[in-house]
Amino acid sequence: MEKKISIALIKEEFKAAAISELPFLIEKYREDDRSGVKTLLTKANRELEKLEAEKARIEALREYEEKYGEYEFIGGMDEVGRGPLAGPVVACALILPKGCRILYVNDSKKLSASKREELYEEIMEKAVAVGIGMVGPGRIDEINILQATYEAMRQAVEKLDPKPDILLNDAVTVPGITIPQVPIIKGDAKSLTIGAASIVAKVTRDRLMVEYDELMPEYGFAGNKGYGSAEHIRAIKEHGITPIHRKSFVKNFLTDEA
């Protein structure tokens, strides 16, 4: 009688397998009636079901890319950093290849920092073009955050090469851009291209705030990313504002003593 492979070894085999290899392993061990193996098979099947569900979600996320499929270069644009007390507002405009599918792309706020970093690398590798626009605190104070956001978005589009034939935007129509624009409410959760832009914008800004944290560690920028956390506000009261603080924002949170 042939001796069965130990469950511990089978478990290691499943653990080491790429998800594309799971169907082979499921078939290989489907006749094994040991409860431990059955548990591994059940888990593997669930992983495959989740993958199929994610593929279906991504197909749904391509609704607008398909709707405007007659255009050769479809751009997506989003911004991050409208609300913080410190740091710039950052916009990203990008173009993905026709038919591109990147699993797990979503509104950047719905993703973990590690997942955003992972997706950032894949997006940057696959994108036809990526443009980043950035407007700092001084300019935000000068023209207000809405106009600064528009300015960052225009910068991002100007940096794209090739230029998009149409732009899918998260909720806004940006003045001063002659390219046709499609504003989509909650677009970062409804369009693959906008979602990808939101991830690139978020990672770009977060990395910058981590660099600021190294220069000014007392403000906790690596953790709060410039937003008005209780710890951040306490640090401002104790240490004062920095060159990267938005004076027009800080005054809404602090007394004249700050």
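Student: In this predicted model, is Asp-33 buried or exposed?
Tutor: The cut-off that matters here is that a residue counts as exposed over 50% relative accessible area. Asp-33 has a relative accessible area of 52%, and therefore Asp-33 is classed as exposed.

Student: With which residue does Asp-33 form a salt bridge?
Tutor: Asp-33 sits in the loop between α2 and α3, and its partner lies in the segment before α1, 29 residues apart. That partner is partly exposed, at 45% relative accessibility, and the closest N and O atoms of the pair are 3.5 Å apart. The residue is Lys-4.

Student: Which helices does the salt bridge between Glu-117 and Arg-207 tie together?
Tutor: The closest N and O atoms of Glu-117 and Arg-207 are 2.6 Å apart, and Glu-117 is partly exposed at 32%, while Arg-207 also counts as partly exposed at 32%. The two residues are 90 residues apart in sequence, one in each helix, so the pair ties together α5 and α8.

Student: At what angle do helix α5 and helix α8 pack?
Tutor: Two packed helices are described by the angle between their axes and the distance between the axes. Glu-117 and Arg-207 are among the residues that make the contact, which divides into eight nonpolar, one polar and six charged residues. The axes of α5 and α8 are 9 Å apart, and the angle is about 115 degrees.

How values were computed: Residues are numbered from 1 along each chain as its sequence is written. This is a predicted model: local features need pLDDT of at least 70, side-chain atom pairs count only at pLDDT 80 or more; totals for chains, interfaces and linings use all residues. Side-chain values use heavy atoms; hydrogens and water are left out. Axes are lines fitted to C-alpha atoms, for helices over the stretch in contact, and angles run from 0 to 180 degrees between N-to-C directions. Helices (H or I, at least four residues) and strands (E, at least two) are DSSP runs, numbered from the N terminus. Contact means heavy atoms within 4.5 Å. Ala, Val, Leu, Ile, Met, Phe, Trp, Tyr, Cys and Pro count as nonpolar, Asp, Glu, Lys and Arg as charged, and the others, Gly among them, as polar. A salt bridge is a side-chain nitrogen of Lys or Arg within 4 Å of a carboxyl oxygen of Asp or Glu. Buried means under 20% relative accessible area, exposed over 50%, partly exposed in between (1.4 Å probe, protein chains only).
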